[in-house]
Every structure is written in structure tokens, then in C-alpha cells.
Amino acid sequence: MPNTRVMLMVAFAAILYLNYEAWMHDYREPAVVGASSQAAPGAPGAWNTLADSVPKAETATATATAQAPAPPAGPAPPLGASPGGAAAPDAASPMLHVVTDVLDVFINLKGGEIDRADLTQYPLHKETPNIPVRLENSEVESLYLLQSGLIGKTGEAAPTHLATWTAAQMSYELSAGAKELRVPMTWSDGQGLTATKTFVFTRGWYAIDLHYEVQNTGAEPRSIASYTQILRHWEHPSRSYFDVETYSFKGPAVFDGTKSLDLIVENEPHSKFTEVVTNGWLASLQHHFVSAIVPPANQPYRYQLRVQDRQYLESATGPFTQIPAGAQAQFHEKLFIGPKLQAQLAATGPRLERTADYGLLTVIAQPLFAALNWIHALIGNWGWSIIIVTALIKLMFYPLSQASGRSMAKMRAVAPRMKQIQESYKDDREKLGRAMMDLYKREKINPLAGCLPMVVQIPVFISFYWVLLESVEMRQAPFLLWINDLSARDPYFVLPLLMGGAMFAQFKLNPAPPDPMQAKIMQFMPLVMTGMMAWFPSGLVLYWLTNTVLSIAQQWRVNQVVQAEANKPRA
């Protein structure tokens with residue numbers, strides 16, 4: 001098979017694969033985790049509002065393990081719901097204002113829920129550096145709340161996310177030199193049960209520890225369980241080939257302890273999910289950012305997802321703990337509100353770093369990102385990191401590329417003889433094939449050798465695409481001059497034009513295809529690739545440009561060596 005035909009096929013295959021991935025994000029069916037992914041007995045259907053949903057104070061049966069206390073069953077019908085959608089948060093409720101070096105958070109004393117979270121180190125747009133990315137948000141049309149609380153057995157009072165807490169002060173700020181900031185609030189039922197709920201913020205970290213300390217000074221034992229849930233407004237996202245952000249999944253995700261699952265809610269306005277999970281997590285994903293709930297290790301939590309109209313609610317509810325009279329108990333969960341920084345995510349929950357989803361080629365993309373990250377730590381520029389990693393990849397495959405280059409150089413050297421053979425046997429395809437194979441054998445040419453480097457670099461190309469698209473470290477990362485965001489397209493299309501020129505130079509350097517039609521198609525390939533790559537992240541175009549320039553330099557050198565060998569007089 002001629003090298004040019006293979007290059008044409010694999011190039012189009014790469015583009016088709018990326019478009020297939022985008023299509024799958026748009027239209028794939030909701031995924032299901034095993035046969036046990038069904039609603040618990042007695043779980044209700046749709047409700048009028050998700051905002052007031054509180055887990056039932058009942059004990060689960062079939063799905064709970066015998067060795068551990070069973071988590072409570074699913075959410076109850078709404079309390080005081082009004083028809084027509086979620087109730088807006090009570091704007092009159094007092095708010096705690098918490099400021100760290102990376103977060104600006106408002107905590108509503110009604111329920112102790114996180115109503116607003118600004119990421120002060122991440123501007124929403126590069127042109128407006130003073131406007132940060134906002135995740136949690138109490139506005140009705142962009143509702144995004146992280147709710148948490150405790151529930152008791154049926155009829156027993158407990159501080160749910162509808163209860164009112166009290167705090168000693170209304171403003172907290174991480175002081176200079178301090179490593180953590182503790183934000184406590186208290187609640188009491190007036191009958192002997194008191195609870196202290198504490199958010200623990202850490203300098204430089206987006207993970208938040210959530211602690212409860214419950215004291216039972218009453219005369220009777222009390223059974224208490226903790227829960228955390230994310231309530232978010234949802235609308236079907238508009239997707240565009242011209243906006244790379246729309247290709248990233250937006251919605252709820254579950255890790256069940258063994259594998260990661262995206263719960264696609266876009267085509268299922270009333271989907272449900274219930275499962276008891278140990279050592280997992282729940283998350284709400286969007287491009288580059290995530291909010292996550294990580295229950296404590298080795299405890300069975302009931303995970304639930306409910307979708308209604310333009311909202312979804314995902315919750316994790318722990319097992320009941322009996323607190324004897326005069327005793328106390330502690331509960332603990334971890335929250336994450338911030339960018340998909342993989343080191344912080346991995347330290348927060350098991351495989352939580354997989355929320356930066358590199359797709360099927362994660363096995364290649366993860367080491368690729370690690371290499372980029374390591375070099376960036378040394379030189380401080382992601383663009384140069386891409387160039388250096390591309391050069392290292394080229395060096396890694398140098399023996400393969402060298403063999404391919406020698407084969408193509410030899411084919412270029414014997415091109416006149418090949419053309420003569422084609423003219424001689426143009427009316428006899430069988431004799432033409434035999435004559436060509438004899439020529440290859442005499443000159444020790446492997447026509448397939450030129451295909452291998454292209455085939456090898458296609459998975460790397462696709463992996464680079466997902467690393468640049470999904471890694472928040474690349475977000476708004478500048479390179480040089482006009483390239484001020486490697487995760488976005490080149491605003492002036494200079495890199496794609498340079499890439500197209502380099503591809504044309506590479507085409508001229510390599511031997512011409514024997515088929516005139518193939519030769520014409522290959523002449524147009526740089527133009528086609530330039531048009532398609534113009535809308536891709538500029539970092540990806542930088543990778544392809546660097547790889548092409550290095551290939552040209554290597555092939556030019558090989559051509560010189562082979563030519564010198566051919567001109568050398570034989571003994």
C-alpha cells in the first residue's frame with residue numbers, strides 16, 4: 001500500500017474520531033452500572049421541587065451489607081413544596097462570608113449550605129481578570145447548591161439542610177501564615193441533642209473537610225445519619241464545532257469504587273439512579289471545573305440521582321449511627337469545589353482525578369500530561385513544554401522514523417525508474433505490480449515503512465487533543481506574542497497557516513505518489529488540514545506544527561545521507 005494513501009487515511013481517521021467523540025457527547029444513551037442500578041423499594045417518583053428534598057429516615061434493606069449499618073433510603077416527597085419547580089433560596093437568611101487564598105465562599109445559615117463559591121485565581125474570561133469563575137450559585141436560573149445535613153429516625157428532629165444554624169461570627173478570613181481556617185456553626189433541638197458543623201478550609205486547596213460533632217445529653221438514644229447533596233439547574237447545552245468548551249461533558253458523574261460513570265441526563269428528563277456504594281464519590285462536572293462529594297472510606301453510602309425538568313439532585317447518604325444517652329458521635333465528609341487540578345483531586349478522593357476525562361486514550365494521555373506538567377515546572381511555559389515534549393516523543397520514535405525516512409528517501413531516488421516502469425506496463429496491472437516489487441526488492445525498499453510513524457503518532461495526536469481540552473492547567477495559558485490561550489484556537493489563524501505550509505513542504509520533500517489522482521489529493525491535504533485545524537486548540541496546532549518541522553528536518557537529513565550513499569563509487 002503506498003505511503004501517501006495510508007497518510008491520507010489515518011489523517012482523516014483522526015478527524016473522524018474527534019467528531020465521533022463530540023457526537024457521542026451529544027447523543028449517547030444514559031449509562032447504567034450493572035443490574036443493581038435501580039430505585040430502592042418505595043422510592044418516590046417525580047416531585048414538584050428538588051430544593052426541599054430530604055432523605056427518608058428509613059432503613060434500606062436488600063442492597064445494604066450485613067456487616068455495616070444500612071444507609072437510609074432515598075429522598076422523601078418534598079416538604080412544603082409549591083408546584084412549578086424549585087423554590088429559590090431564602091435571600092433573607094444570614095450568610096457566613098469565608099475568604100481563603102483561593103476561594104470566596106458564602107455559607108447560608110439556613111441549612112449550612114454553600115450558596116456561592118468564587119474561584120478567585122481563575123478569571124471567567126481572560127479579558128476580565130477581576131470577574132472570577134463562580135461555581136455554587138443561588139440564583140434561580142443558574143442554581144447550583146452544595147447542601148449537607150444530618151437526619152434522624154422518623155419523627156426525630158435533626159439538623160437537615162432546612163434547619164437553621166447559629167455562628168459566633170459572620171465573617172472568616174484565612175490569616176497570613178495560617179494553614180487552615182475552621183468555620184463552626186451550632187444547632188440544638190432544645191431536648192438534649194446538639195450538633196456542631198464545621199467547614200475546614202486549607203491554604204491553597206479546593207478540598208473542604210466537613211465535620212459534625214453530635215452530643216446527646218437527653219435520656220434516650222438517638223440514631224443519626226449524615227448526607228450531602230448537589231442541587232443544580234440543568235439545561236441541554238448548545239454545542240458548536242467552533243467552541244471547544246462545548247465538547248466537554250456537563251452534568252452529574254458517579255464513581256462506584258470500581259469504575260467511573262457519567263450519568264447522561266440530557267436526553268432523560270426524569271432519569272433515576274440509586275445504588276449503595278463504598279469508597280466512591282459523586283460530582284457535578286463542567287469544562288475544567290468540578291464540585292464533588294467524597295464520603296469517608298469503607299462506609300456504605302446510598303448514592304441517588306433524580307432529574308426533573310431543568311434540575312438534577314445527586315446525594316450521598318451515610319449509615320445510621322446510634323448515639324446513646326450521654327454520649328457523642330462524629331461524622332465526616334470531604335467536599336471539593338474548584339478546578340480539575342489532578343494532584344489535588346487525587347489527594348481528595350479515589351480516582352477523583354478522572355473527572356478530567358481524557359477518554360479512551362487515557363493510558364496515553366495521563367503520561368503525556370505528567371511529562372508536560374514536569375517540564376512546565378522547570379521552565380514555566382506550557383507552549384515551550386509542548387514543543388519540548390513533542391521533541392522528546394520524536395526522539396523516542398527516532399529509530400522507527402529513521403527507517404521510514406530511509407525508505408522514503410530511497411523511493412525518491414528511484415522515482416525516475418518507477419515512472420519508467422509505469423509507462424512500460426501502464427496497460428498491464430499484473431506485470432506492473434511484479435516489476436515494482438522486483439524494484440523494491442533490488443533496492444531494499446519497504447513501501448510500508450513510511451506508514452508506521454504516521455500510524456503511531458495518531459493516538460498521540462488525539463491524546464494531545466484531550467489533554468489540551470480537559471486539563472485546566474492549560475486553560476488561558478499563554479505562549480508567545482498573540483497566543484494567550486493554548487486551550488483556545490489561534491485568534492489570527494497564524495499557527496494553522498504555518499502548519500499548512502509545513503505540511504506542504506513535507507509533501508514536496510517526500511516521494512510523489514505513483515497515482516496522479518493521489519498526488520493531486522495529497523497536494524490539497526495541507527489546505528484541508530489547515531481549514532479543519534484552524535478551530536482546534538492552538539496548543540494542538542503547535543504540537544502538529546512542531547512535529548511536522550522536526551519530520552522535515554529529519555527527512556531532509558536522511559535524503560542527504562541516502563543521496564551521498566548512492567553517489568559513492570562502489571568498490
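These legends describe close-up views of a predicted model.

View 1. Of its 571 residues, 53% are buried. Take the contacts between residues at least 6 apart in sequence: 69% of them join residues at least 24 apart. The accessible surface comes to about 25800 Å². Carbon and sulfur atoms account for 59% of that surface.

**View 2. The largest nonpolar core holds 70 residues.** Four of them touch the most other members: Ile107, Ile114, Phe199 and Phe201. In soluble globular proteins, nonpolar side chains tend to be buried together. Another core lies apart from the largest one. That other core has 42 residues, among them Leu368, Val460, Met522 and Met525.

**View 3. Phe199 and its contacts.** Neighbours within four places in sequence are left aside here.

**View 4. Strand S19 pairs with S9 and with S15.** S19 covers residues 328-339, and S9 covers residues 207-216. These two strands run antiparallel, with 9 bridges between them. Look for Val214, which stands opposite Ala329 in S19. S15 covers residues 289-294. S15 and S19 also run antiparallel, joined by 6 bridges. Here Val294 stands opposite Lys334 in S19.

**View 5. Helix H9 spans residues 494-509.** H9 has 16 residues. At 1.5 Å a residue, the helix should span 22 Å. Its end C-alpha atoms are 23 Å apart, which agrees. Which residues of H9 are buried? They are Leu495, Pro496, Met499, Gly500, Ala502, Met503, Gln506, Phe507 and Leu509. An α-helix has 3.6 residues a turn, so residues three or four places apart point the same way.

**View 6. Aromatic rings form pairs and a cluster.** The structure holds 10 aromatic pairs. In one view, find the rings of Tyr465 and Trp466. Their centres are 5.1 Å apart. Their planes meet at 80 degrees, so the pair counts as edge-to-face. Are Tyr465 and Trp466 buried or exposed? Both are buried. Elsewhere, Tyr122, Tyr206, Phe289 and Phe336 make up one aromatic cluster.

Methods
Residues are numbered from 1 along each chain as its sequence is written. Side-chain values use heavy atoms; hydrogens and water are left out. A nonpolar core is a set of buried Ala, Val, Leu, Ile, Met, Phe, Trp, Tyr and Cys residues joined through side-chain atoms within 4.5 Å. Buried means under 20% relative accessible area, exposed over 50%, partly exposed in between (1.4 Å probe, protein chains only). Contact means heavy atoms within 4.5 Å. Two strands pair if DSSP finds at least two bridges between them. Helices (H or I, at least four residues) and strands (E, at least two) are DSSP runs, numbered from the N terminus. The expected span of a helix is 1.5 Å times one less than its number of residues. Accessible areas come from the Shrake-Rupley method with a 1.4 Å probe; for residues, only the protein chains shown count as cover. Rings of Phe, Tyr and Trp (its six-membered ring) pair if their centres lie within 6.5 Å; planes under 30 degrees apart count as stacked, over 60 as edge-to-face and the rest as tilted.
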